[in-house]
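Hi there,

Here is the structure I promised to pass on.

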Amino acid sequence: MSKTVFLLIMIPDILLLNFFALYFPKFTREGIFFGVRIPYGFKELKEFKELEREYKRNYAISMLIPTIALILIFFFAGMNAIIKSVLLYTYLIPAAMFLNYYKIYKKVLSIKKKSNWFEGKTQVVTVSLKRREDIKNYPSKLWFVIPAILIVFNIVITILRFPYLPDKLPLHYDINGQVNRWGDKSFSHFIPIFLVQVGLFALLYLIYRLILKGKLSISPINPEKSQETNELIKIISAKLIIILAIVQQFIFVLTNLNMLLILNLNLMTSLIVALTLLTFLVIVLFAIKIYNLIKHPLKNNLDDKIIERDDDEFWKMGLFYYNPDDPSLFVEKRIGIGWDFNYAHPVGKAVAIIIILTLLSSAIFILWLPL
């Protein structure tokens, strides 16, 4: 793979990650500011607007030197160094985002403690009695028939084509697109692709179902509008998951066709790059749509003496939900889009351990990659 092709594949991901990190605090509900529960309308105060600008400024400064270094590496280093640098850079983005977020989070907590915003007010919680599955216009699960057909197609065409393959198959290409490793013809070379296809299909279908069953966060200041907005976000998120499921399986089909010597490497690469760029565009459009849904404050229908429950104690660092008294496994994220685990739940704890171990092992692996 050439530098240019690699760059075309990675640029959308890098831009998307930086865009989300820069506007990370924006993807939150009215009444939440940097993970802290605040009274409705307070986001517009001058003090909070300045804290938001401070976060963006600090994040941009934090990523300036790594970004310049990545550009220089691309122009003057070899392909192995570029790959390692890009992988490290993708780890730096969430690290810079979290460190700068946490700094502002602590400042907002300090302001809250001094201000007594909730003193003398009745705190309320609003829940919906509507079944979580009863969402009008939620995308049908039948859409997952398409990626399922692509998986079956991949298996069937491999079975049909396999007898006509040569005794030696190309197993790996160098950065110039030349074969640098050959292997004996064996059906075992294709099994990993099938396993990954099935695994990703199952994972995305599970996410699709979890989005539907995820616990809704209903605002008491305008419950009807809040529930309507939440349901629209669920619908948009489910549509995105379906698109990703179809695109991913199509990419696997292209890869498999190349292994079966039906599709040449250059055409396969071009199609994958095109699909990656298209997927990036779709993700951005969906993110903008969701942002437009949550950016407008709800009309406050509550008495001034009533306020939404202050539940900061259950949100560690304003990000991670930890409530032993809540039997729910999945809750709506406080910041960001989608749903997360209740990490006080036994399953949530197990997932947290797996995530931490995965991040540590992958970071060590990247650091040990040869230049």
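This is a predicted model: local features need pLDDT of at least 70, side-chain atom pairs count only at pLDDT 80 or more; totals for chains, interfaces and linings use all residues.

Let me start with α2 and α3. Helix α2 covers residues 46-76 and helix α3 covers residues 79-115; they pack with their axes 10 Å apart, at an angle of about 165°. Angles over 145 degrees count as roughly antiparallel, so α2 and α3 are roughly antiparallel to each other. The crossing of α2 past α3 is right-handed. As for the residues in this contact, 21 are nonpolar, five are polar and four are charged.

On its own, α3 has 37 residues, and from first C-alpha to last it reaches 54 Å, close to the 54 Å expected at 1.5 Å a residue. Just after α3 comes asparagine 116, with a positive phi of about 55°.

Next, α6. This helix runs over residues 223-259, which is 37 residues, and its reach of 54 Å between the first and last C-alpha is close to the expected 54 Å.

If you want to find the contact on screen, the α4 side includes Ile146, Pro147, Leu150 and Phe153, while the α6 side includes Ala245, Phe250, Phe252 and Leu257. This contact has twelve nonpolar residues, four polar ones and no charged ones.

Methods. Residues are numbered from 1 along each chain as its sequence is written. Side-chain values use heavy atoms; hydrogens and water are left out. Helices (H or I, at least four residues) and strands (E, at least two) are DSSP runs, numbered from the N terminus. The expected span of a helix is 1.5 Å times one less than its number of residues. Axes are lines fitted to C-alpha atoms, for helices over the stretch in contact, and angles run from 0 to 180 degrees between N-to-C directions. Angles under 35 degrees count as roughly parallel, over 145 as roughly antiparallel, 65 to 115 as roughly perpendicular and the rest as oblique. A crossing is left-handed if the near helix is turned anticlockwise from the far one by less than a right angle, and right-handed if clockwise. Ala, Val, Leu, Ile, Met, Phe, Trp, Tyr, Cys and Pro count as nonpolar, Asp, Glu, Lys and Arg as charged, and the others, Gly among them, as polar. Contact means heavy atoms within 4.5 Å.
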